[in-house]
Amino acid sequence: MPLLIRLRRILPALIALSPTAVFVFGIFLGCLIWTCVISFTSSKLLPNTDFVGFAQYARLLTTERWIVSVQHMAVYGVAYVVGCLVIGLLLAIFIDQKVRFENTFRAIFLFPYALSFIVTGAVWQWLFNPSMGLNTALAGLGVAGLDLGLLASPDTAVYGLVIASIWQGAGLVMVILLAGLRGVDPEIWKATRVDGVSPAKTYLWIVVPELAPGILTSVVILGIAAVKVYDLVVAMTQGGPGLGSEVPAKFVMSLLFERANVGLATAGATLMLLAVLCLLAPLLYLSYFRRGAR
Amino acid sequence: MSGAPSIIVPRGRRPQRLSMARVGIYLFLLISAAFFLLPLYVMVVTSLKDMGEIRLGNIFALPQHLTAAPWVTAWGSACQGLNCDGMAGAFWNSVKITVPSVALSVLLGAINGYALSFWRFRGAEFLFVVLLVGAFIPLQVFIYPLVRITSAVGLFGTLPGVILLHVCFSLPLMTLLFRNFYGAIPLELFKAARVDGARFWSIFLYVMLPVSVPMIVVALLIQITGTWNDFILGLVFAGNDNRPVTVLLNNVVNSQFGEKQYNVNMAATILSALVPLVLYFVSGRWFVRGITAGALKG
Amino acid sequence: MGGRHVVSAVLATLMLSSSVLAADLTAEVMHPWTSGGEAAAAKVFADQYEAAGGTWVDNAIAGNDAQLAASISSIMGGTPPTATHFNTGKPFEELVSAGMLRDVEAIATEEHWRDVLPQAIIDAITADGKIMAVPVNLQTENWLWYSKEVFEKSGVAEVPKTWPEFFAAADKIRAAGYVPMAHGSNSFWDRFLFQKVLVSVAGPELYLKVLADRDPAALKDPKVVEAFETLGKLRGYVDAGSPGRLWNDATNMVITNKAGFQIMGDWAKGEFAAAGMTPGVDYGCSLFPGEEMVVMSGDIFVLPKIDDPDQTAAQDLLAHVLFAKDTQLQFNIKKGSNPIRNDVDVSSMDACAQHAAAVQAEPGHLVPNPQFLMSNDMLGAMADVITKFWNTPSMTPAEFATQLQAAFESAV
């Protein structure tokens, strides 16, 4: 097809896509590159072009608060992803047993996912309140020795965040995996029963591997949520006690504004970006390159 | 979500009648349900108690004297600083931010998805990959340059500014969703329309939009909850006059005089979660499809 | 509100520039004062400003850090408020050197600010010979506020004057079933506690060597190590609900006789006042154990450059109103701090304020808090180490000193 005619044919499509293209190549890539570039300068409150090589990264990697932030993110991320997967998978399997009131159960497990992290944080902060929350209520019910004032100690605050976010996110995994379960070939059950394989073993060795795509999707979504976690920490612990629940996103935000160190903050942001890209790689590979675009 | 098996028909093992296993299944589900409902229950009962009852410390107890006062306070006169205007203003701010953001982003997403699916040209794939990655990038990477850009064009701290940013950051996900949706529509439909001589926009308006209603509903749900629940864009870019509920809630919960008014805090919390909650309970099945679609592809 | 104001004849007598006339004197003011006493103090400013013909738009943001973030981002974003709050000291200097603030030299000269301000404050707010901010108060940070009832019921007869007495009293309070020390732990308030203990145990000279000169040898001085040990010992006297608690919630524990004392600046008085309590009568105040000193901090308002004659006029009026004698007295009574100008008659103020005024008048007894001595970046890096030390009982004073040293070296 001659170029001109071809161009005329796709012109409306190009026009339609132009706002998105402007956004993607202008704002999006522009900001991304800008952030990376600034991370190699000595910028303080205002960005400058005094390049200092990897000095900001060197400082970042020796800064206690950044190190513990990354550790918290890792602990939080692993516990959150594993917790959501285990609970989500169990819920999906149990719901898939032809139970009554399936819709009601599903609705109950999923509704927290509709709530913001700010709301989730506000509620769980109240529940974990050492003097008025679950602790006092349990003592009132005669349950002793179970300390649920998780947010009061730097050693346990992260697990407080984990419980709150599992509450919020497990329903999502349940829904994704339930869709997967309903796609499993029903013949499997007949076959395994004939062979005398127990249901538990069938689930573990045959059904769960079939759910791999759903599990992978869940891991990527939850993993990225863990890298980004910010609102929840702000609402629940403000990073405390001490540095007990500081996370990278909060570090970046506070360096950017209150502490007026844009160079260090953008270095942190760049590392967060790298973490997300690493998490995305398998999904990109699976959903795009392998399958190929249409 | 095309071709995904129905979520409605259980395919698990056929159950035996009322065995111990059966009892166990229901027990597990009931305990889990209690865990998920407990915080909601505590929120509601706490918001209906007076402070005297709350001080007794049993957060599970039903209120002895029902009071709606915390709700009235939370809506109309909860304080942040000298401003004791309650959540009402911020609630409407969230509406003002959410409605245009959602309408624009869904419309643009549909147009983009359509253009990318049916009007292939060089560079489209690259655009698509960047969008895919973009759907996941932490906002913190963009915040600082965006403050500078929005201020340079006079949009920092304004309603149009925060709406524009919401649209921008929703575009990747919306485009992906619609591209995947249109990707599953038979190409013949498109070709037939082209043979009839229809152009880009008329095909979109008269052929594609009518078949996209299910996807649009799903996209609306994802966008409304996502935009309503945003904190960081509202915090940094909305400005004093346009603070959304999430930002105000955080201020109210973390700033109070003398004794903390937990009942007011809880009422304010429920108020700020009201829109997504109602949407969730009203739209039921669509909601499930919505978030799985958003989750699976975005 | 928010409409144009025709300035009354009263204002014409204020001898402000004529551009004020017929200007829209709407002032959006950002500040972090959200607790009861603080809000009442902010209201004095608002009322006085409106009485002078302006319109006050209050923009309070909970939390010092959050307020700072919001004001910096709005100044950077080109939509600055008419005025915004800073703590006196280095934090606002970067905005000054970035050329984002206007000076108030004209008004300051006209109203002879330099004649009535302490030299340390003049130094802190001057850049290139021009006054760059409106100082509004001088705060005493190192107060011990105590519940007379708790002290009495625990058998603490005398207010502790030395650290051994202090810990003996705290032990008695705990034995009697009260929380000895009400504290809301986060990096800001943990640092706050640290600087008080340091100056009290090690003395002002070593304090300045550590925080101003950041002399590595000073960190190893036995007196400084003793200060760190004292801080570490204090950890054992707070309750489990301390982390993340707001400072005013902690004050409330003393007000309601749940806790023995709180270490807090004089703004805590505002909370007691809001509960209808009089200092010295219904509750006690005492400067820190050891030689009596005043660790000062303060609040200032800075005026961002705004290319709008109306806003400039509003800023002029604001500077005039905030610094006026009458405003100073009323504001500081509510806020609990002392007037920034030394020509205000403090005899109508409470006993604690008068005591602080007497102590700080003695030479060498007014010690600057770290905000006068280091950048936000370093202040933050130091606070991170302090809050970690405070919340990690296993961390030794030696480890603490090493990490402080590292923080000083890494930050700029």
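Analyst: In strand β7 (residues 137–140) of chain C, C:Asn137 and C:Gln139 point one way while C:Leu138 and C:Thr140 point the other way, and all are buried; a residue is buried if 20 or more other C-beta atoms, placed from the backbone, lie within 10 Å of its own, exposed if 12 or fewer, and partly exposed in between. This is a predicted model, in which local features need pLDDT of at least 70 and side-chain atom pairs count only at pLDDT 80 or more, whereas totals for chains, interfaces and linings use all residues. Residues are numbered from 1 along each chain as its sequence is written, and chains are lettered from A and ligands numbered from 1 in the order in which they are written. Helices (H or I, at least four residues) and strands (E, at least two) are DSSP runs, numbered from the N terminus. In a regular strand the side chains alternate between the two faces of the sheet.

β7(C) pairs in the antiparallel sense with strand β14 (residues 338–339) of chain C over two bridges, where two strands count as paired if DSSP finds at least two bridges between them. In that pairing C:Leu138 has C:Asn338 of β14(C) as its bridge partner. β7(C) also pairs with strand β12 (residues 294–297) of chain C, again antiparallel and over two bridges, and here the bridge partner of C:Thr140 is C:Met296 in β12(C).

Chain C also holds an open sheet of four strands, in the order β9-β10-β8-β11 and with mixed pairing. Its edge strands, each pairing on one side only, are β9 (179–182) and β11 (284–287) of chain C, and the twist averages 25° from one strand to the next. Within this sheet, strand β8 (residues 143–146) and strand β10 (residues 259–264) of chain C pair in the antiparallel sense over four bridges, and C:Trp145 has C:Gln262 in β10(C) as its bridge partner. Helix α9 (residues 163–175) of chain C lies across β9 and β10 of chain C and runs at about 120° to β9(C); axes are lines fitted to C-alpha atoms, for helices over the stretch in contact, and angles run from 0 to 180 degrees between N-to-C directions.

Leaving aside neighbours within four places in sequence, C:Trp145 is in contact with C:Val254, C:Phe261, C:Gln262, C:Met264, C:Ala268, C:Tyr283 and C:Cys285, contact being C-beta atoms, placed from the backbone, within 7 Å. C:Trp145 is also one of the residues with the most contacts inside the largest nonpolar core, which has 323 residues; such a core is a set of buried Ala, Val, Leu, Ile, Met, Phe, Trp, Tyr and Cys residues joined through C-beta atoms within 7 Å. Helix α7 (residues 157–181) of chain A gives the most to this core, with 17 residues.

α7(A) packs against helix α10 (residues 212–228) of chain A at an angle of about 160°, with their axes 9 Å apart. α7(A) and α10(A) are therefore roughly antiparallel, on a scale where angles under 35 degrees count as roughly parallel, over 145 as roughly antiparallel, 65 to 115 as roughly perpendicular and the rest as oblique. Where they meet, α7(A) contributes A:Gly169, A:Val173, A:Ile176, A:Leu177, A:Ala179 and A:Gly180, and α10(A) contributes A:Gly214, A:Thr217, A:Ser218 and A:Leu222. Also in chain A, nine of the nine residues of helix α12 (residues 248–256) are buried, so α12(A) is largely enclosed by the rest of the structure.

How values were computed. Contact = placed C-beta atoms within 7 Å.
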